[in-house]
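Subject: Structure handover

Hello,

Here is the structure for your files. My notes on it follow below.

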Amino acid sequence: MNFLPYSRQDINDSDIAAVITALKGDVITGGHYVSDFENALCAYSGAKHAVVMNSATSALHCAYLALGLGAGDELLTTPITFAATANAALMCGADVRWADVSPESGNIDVASIKECISPRTKIITPVDLGGNPVDMEAICELAHAKGIKVVDDASHALGSSFADGRKIGSALLADNKNGADATIMSFHAIKPITTIEGGAVLTNDDEIARKCKLLRSHGISKTELWDSDMSMLGFNYRLSDVACALGLCQLARLDEFVKIRGEIASVYDEFFASCKWAKNVKIPSGITSSRHLYIVLLGDNLAKNKAQIFSELHSQNIGVQVHYKPTYSFDFYRQKYGDISLPNAELFYAKELSLPCQQKMSAKDAELVLEKLCEIVEKYL
Ligand SMILES: *Cc1c(COP(=O)(O)O)cnc(C)c1O
């Protein structure tokens, strides 16, 4: 069996043709592909605005700045995420605080959010882990009642939808209540779709979109054909037309990707429904997950031997991965904030294993993964 990474890109001939066409164009950055891709993201997600950037990290940074995050403020987030979710808050001069997660899903725990909100909390950033949507209704109700903004780090979740069919990023909850103030997408190579590197801010708020557009391009806007003004300090976070041409093509293939990953996931689901030594993260009925990650939680004995199990799986070409080391436990953050330990996050990290789940796999591959996994864990039960 070829090496099966836990996630990977799927680039076909239509993607390559789209890239070549864009590359041969007169304008290869700052042209119409950028707004075409943004419009397609709006049409797909239901968001009013999409502002694409060169990464989700840039998108987080701009969204946080657009919402006014700065020195003296706190951003409250989950430790079970990629470092960038918290890092971008430090880039704004703010502090980070972590709420604990649900032991079943690894998503931020609403009761823990309640305990961690302080007078300095400016933004709450939940993460839809693996593509499984957080309880956005509960989080927004809690946050907005206190004037706190919500940025959904949906880097895993393009293609996911809530039980009523609304897509992640639509920014509205049931009954047209406001959802997240901004939603972040990542188009890194192995995320739900790719522009190689790339990301986006989705929002229904005109002012957030306006500020994000300024921030991604030096804070400069054209006032007349021959004149421009710089109204704030910005960055060069732009995404090229060539990348956006790829993004357009990938977005058209997204539903197919989600369908195939769903089929792989259902092979795993059937097995873990009756498995004695591990359980999977259950996706609530009605909800569609992008299935960016297929997350398994190992039983206690196996969790103790995860390092050996991990390397034995890799030596059998099964590219499992662990998501995530709690952000607060990185050396950098321990130097900054001292030793922090949240019990559910620690347990989740100890037990978590992400199985290969990507659109270049077949159901047969998934069965082989399960076979090898059973063979290997046998010794450690
Ligand atoms: C990948 C990822 C990011 C960063 O994405 P980039 O596009 O690589 O900057 C941020 N948050 C989460 C949850 C991610 O998985």
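Which residues lie nearest the centre of the largest pocket? They are Phe 82, Ser 186, His 188, Lys 191 and Tyr 324, out of 24 residues that line the largest pocket. Before the rest, two notes on how to read this. The model is predicted, so local features need pLDDT of at least 70 and side-chain atom pairs count only at pLDDT 80 or more, while totals for chains, interfaces and linings use all residues. Residues are numbered from 1 along each chain as its sequence is written, and side-chain values use heavy atoms, with hydrogens and water left out.

Pocket

The space in the largest pocket comes to about 360 Å³. A pocket here is found on a 1 Å grid over the protein atoms alone, as an open set of points where a 1.4 Å probe fits, with protein on both sides within 12 Å along at least five of seven lines; lining residues have an atom within 4 Å of a point. Grid points are joined across faces, edges and corners, and the volume is the space filled by probe spheres set on the points. Both α3 (56-66) and α4 (84-91) supply at least two residues of the lining, and the largest share, 3 residues, comes from α3. Helices (H or I, at least four residues) and strands (E, at least two) are DSSP runs, numbered from the N terminus.

Backbone

Most residues other than glycine have a negative phi, and most peptide bonds are trans. Tyr 324, one of the residues nearest the pocket centre, is joined to His 323 by a cis peptide bond, with omega about -5 degrees. Tyr 324 sits in the loop between β13 (318-319) and α11 (331-337). Ile 196, not a glycine, has a positive phi of about 80 degrees; this residue is in the loop between β7 (182-186) and β8 (199-203) and is exposed, at 59% relative accessibility. In these notes, buried means under 20% relative accessible area, exposed over 50%, and partly exposed in between (1.4 Å probe, protein chains only). His 218 also has a positive phi, of about 65 degrees. His 218 lies in the loop between α7 (206-215) and β9 (220-224) and is partly exposed, at 32%.

Sheet

Seven strands form an open sheet with mixed pairing, in the order β2-β8-β7-β6-β5-β3-β4. Two strands pair if DSSP finds at least two bridges between them. β2 (49-53) and β4 (95-98) are at the edges, each with a single partner strand, so one side of each has no neighbour in the sheet. Strands β5 (residues 121-125) and β6 (residues 149-153) run parallel and are joined by 2 bridges. Within this pair, Ile 124 stands opposite Val 150 in β6.

Thr 125 is also in strand β5 and is buried, at 0% relative accessibility. Leaving aside neighbours within four places in sequence, Thr 125 is in contact (heavy atoms within 4.5 Å) with residues including Tyr 64, Thr 85, Val 151 and Asp 153.

Cysteines

The structure holds 0 disulfides, a disulfide being a pair of cysteine sulfur atoms within 2.5 Å. For Cys 140, the nearest cysteine sulfur is that of Cys 212, 17 Å away. Cys 140 is buried, with a relative accessible area of 2%. For Cys 357, the nearest is that of Cys 275, 17 Å away, and Cys 357 is buried at 1%.

Regards
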